[in-house]
Amino acid sequence: MRRIWPCCFTRRVSNTHQKAEDIQRSIGTMENPKEGNADHGVSEKQNESTIKSRDSLSSNIILNHDFSRGLHSWNLNCCNGSVVSAESGFLEGISVKSGGNYAVITNRKECWQGLEQDITSRVSLGSTYSVSACVGVSGSLQGSAVVQATLKLEYQGSATSYLFIGRTSVSREQWKKLEGTFSLSTMPDRVVFYLEGPSPGLDLLIESVVIFCSSPTEEESSSTRCAAAGDENIILNPIFEDGVNNWSGRGCKILLHDSMGGGKIVPQSGKFFASATERTQSWNGIQQEITGRVQRKLAYEVAAVVRIFGNNVTSADVRVTLWVQTPNLREQYIGVANSQATDKDWIQLQGKFLLNASPSRVVIYLEGPPPGTDILVNSLVLKHAEKIPPSPPPVIEDPAFGINTIQNSNLNDGSNGWFPLGSCTLSVATGSPRILPPMARDSLGAHNPLSGRYILVTNRTQTWMGPAQMITDRVKLYLTYQVSAWVRIGPGATAPQNVNVALGVDSQWVNGGQANVSDDRWYEIGGSFRIEKQPLKVMVYVQGPASGVDLMVAGLQIFPVDRHARFRHLKKETDKIRKRDVILKFSGSGTGTSIGTFVKVRQTQNSFGFGSCVSRTNIDNEDFVDFFVKNFNWAVFGNELKWYWTESQQGNFNYRDADELLDLCKSHNMETRGHCIFWEVEGTVQPWVKSLNKNDLMTAVQNRLTGLLTRYKGKFRHYDVNNEMLHGSFYQDRLGKDIRANMFKTANQLDSSAALFVNDYHVEDGCDTRSSPEKYIEQVIDLQKQGAPVGGIGIQGHIDSPVGPIVCSALDKLGVLGLPIWFTELDVSSINECIRADDLEVMLREAFAHPAVDGIMLWGFWELFMSRNNAHLVNAEGEINETGWRYLALRKEWLSHAHGHIDEQGEFMFRGFHGSYVVEIGTGSKKISKTFVVDNGESPLVVSIGL
């Protein structure tokens, strides 16, 4: 959330720094041509070499220093601005290096107005920083103007002060180099760098800004080193060379060792290791306070070498955890890393973390094994995380879209190319479908009919036995493959059977799609997969029915999908579904003279829901909030509304976090989803609820409903009533089948304004038979028969390697219920940002092009604050990655803008996306601005506008 700066109203300065009116005075009197750079400009090569040399000394702490990402990471200080390219010719007579950009700051009413960036988390006490900026001015200027670099220093409870860095004198339409240095003797709560100075009315031009740490302090403490220098270990005495100094036990004792177990346990490196012993709780362990040595909004990486010992425990989970206390005494536990440790060997734990708020205390500790088991630590390293360069788009030669990788799929050559997995028997029979399964047909289009032959698998003695084929040399890295097959089972099954197309990728099992097969007919399997690391062996096989049950497989297809061809189709569908023809009809006394008047139409908001998950700790990071409120119109809370969060101990309520999140959303006119009232999966239920008898549990459920929905009546547009009912049955098992419908009924009675949703996962990807679209439809219909007012269908959308036709097929099936569908927790994951961006685009385009879908909620967007790795849109320290830029590009694509002139009928027509608009009409005497809304409808919308 961008703060409203005091400078917009009044400027508070300390006695030791220059006042705003002094800057204005210096602008008018500066005539010394020797001040600043004696040259009348900075040549392209000189400026470029200056920046490169600075970068070679140390990392630039200015984000987006050359405006290659527009104004991202920059804020306009009470003025307007934009970024233009060198080739645009925006300003004649001023040269910029080829391919470069520069910022143009306009509508400046005061000399101090300009461009600023918050650098709080990237500067340290005592270090000296060098500043180099390439600046210019434009406008009506006689002579020269001054451009100045300034630091704004905010202290809680005291006046804001300003620190002068440097200035230069600039003539119109030339670039000059502005240089200076600064050092902080005290650490403010907020440090803002900004450029200011030219007289009001002059435009400020900025080509690049570099700030680097030129001289760190002499102190050894990492907390007083330049923030960019991330090579020093923050942990003191990390390998126990100084005994256990700087370490302590967290509820237990710690001891130093050079060996244990009769000499069988020795350090992996160094001479010593420490043990956390006499542990009576799982959270007991070894700890070190690191207060003052870590900074907010910086990413840190942790590596620990650990093992366990004693109590006859051979394997246990060991975790690295951060305990954080903020100045207002709010506590937070951050899980940093975890892994299974053994009593046989040392293992390494690795993880990353970032602090959103300025902490008053920070402690890092190891925990996890059961009481009585010692934690052994050989070393612990904590450093500023190394920046990982963005991954380039993969180069895929001859992708062969739509070509089947399965040999002899139609069985024209008997069973050649196939082999039995296990001791089962393969034979070829006839009588299978001759048409492609529907999902494959949607991807492949016109296709030759299938042969009608199938593989019959008999003599199966294990569930994994079935037909198999090696495809190692026929699959390519980073291609998304669609899987399609017809399957059927023979007689003898006593219950529905799960049939699965699987891949063995080296030692990893990969799910290629599943179907629940129950009767004497053919079923479609549809799924997908992608391989992102070069394998030694890839085998595809079909498995699943119980031993003794015959299996039949026909027309198995595994082919790479052409996503961009699908996108072209979806764009056409989107135009039909999400747009409407609009006629602006102008009337009034001046209508006759308005013919030919210029009209500009701009869409300000799309009516489709684009939202994200947000957690309480996120809103302490103003960069997170800024991206969140600018790019989403809906919000859902990660944990803060869940029962285990609001009442972790019976009778002790915590609504503070949810209240603060709601306040943020309300202040930015964002709609909110309530997630969730209950969660049906037993592992998510807090211990005190599990311990209740039936009567007390029923009372607790009623109290939960009454307390939550009464408190927040009218504040949440949606509620997920009982999360993941296809995957859990905690409440139903204890309170009877009616409890689910009763939860919906009671919630509706308490807050009839909220739409009540079912919500579940793996509905859309074909890889989980428990939550197939058919099972979901059955559940909704069953609830409705019991009188439950189901108001919407939530598809979580935690998906891998999405394929459009498979997702669309699920949406088509669910769409017959006539209820609004939302993707409620969408995330995609890939180590390659470009592939991740493609995955996200698949899901966004499929949802936006489907008439049954009303909105999409991302399950987060900021690195280290998502439930899945390699799923983020914004890197931990605030840089938008390729996935994030793809999302922003789609949001921009789905906003309509139009301009033209009023025709002879007094009308202006355009076709635009549903949502809110502003129209501006410039008449001879005045400028008229009106707002209107384009809603869904088949006939043209007529909007009357009086002139």
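How many of the residues in strand β19 are buried? Select residues 361-367 and take a look: six of the seven are buried, so to speak mostly covered. Buried means under 20% relative accessible area, while exposed means over 50% and partly exposed lies in between (1.4 Å probe, protein chains only).

Before moving on, a word about what is on your screen. This is a predicted model, in which local features need pLDDT of at least 70 and side-chain atom pairs count only at pLDDT 80 or more, whereas totals for chains, interfaces and linings use all residues. Residues are numbered from 1 along each chain as its sequence is written, and side-chain values use heavy atoms, with hydrogens and water left out.

**Zoom out**

Show the whole protein chain: it has 15 helices and 45 strands. Helices (H or I, at least four residues) and strands (E, at least two) are DSSP runs, numbered from the N terminus. Of the 947 residues, 55% count as buried. Take the contacts (heavy atoms within 4.5 Å) with a separation of 6 or more: residues 24 or more positions apart account for 77% of them.

**Back to β19 and its partners**

Two strands pair if DSSP finds at least two bridges between them. Click on Leu 322 and you'll find its bridge partner in β19, Ile 364.

**An open sheet**

Select β12, β13, β20, β15 and β18, in that order: these five strands form an open sheet with antiparallel pairing. At the edges sit β12 (253-257) and β18 (347-354), each pairing on one side only. From one strand to the next, the twist averages 35°. Zoom in on β12 and strand β13 (residues 273-277), which share five bridges; Leu 255 stands opposite Ser 275 there.

**The cores**

A nonpolar core is a set of buried Ala, Val, Leu, Ile, Met, Phe, Trp, Tyr and Cys residues joined through side-chain atoms within 4.5 Å. The largest one here has 106 residues, and those with the most contacts inside it include Leu 584, Val 601 and Phe 932. Helix α9, residues 694-711, gives the most to this core, with six residues. Click on Leu 584: leaving out residues up to four places away in sequence, it touches Val 599, Val 601, Phe 908 and Phe 932, among others. Apart from that core lies another, of 38 residues, including Trp 247 and Val 377.

Which way does helix α12 lie relative to α13? Select residues 773-785 for α12 and 804-815 for α13: they pack at an angle of about 20°, with their axes 9 Å apart. That makes α12 roughly parallel to α13. Axes are lines fitted to C-alpha atoms, for helices over the stretch in contact, and angles run from 0 to 180 degrees between N-to-C directions; under 35 degrees counts as roughly parallel, over 145 as roughly antiparallel, 65 to 115 as roughly perpendicular and the rest as oblique. Show side chains, and you'll see Tyr 776 and Ile 777 among the α12 residues that meet Ala 810, Lys 813 and Leu 814 in α13.

**Last stop**

Finish at Ser 484 in strand β25, residues 480-489. Ser 484 counts as buried because its relative accessibility is 1%. Beyond its neighbours within four places in sequence, Ser 484 is in contact with residues including Pro 437, Ile 525 and Leu 556.
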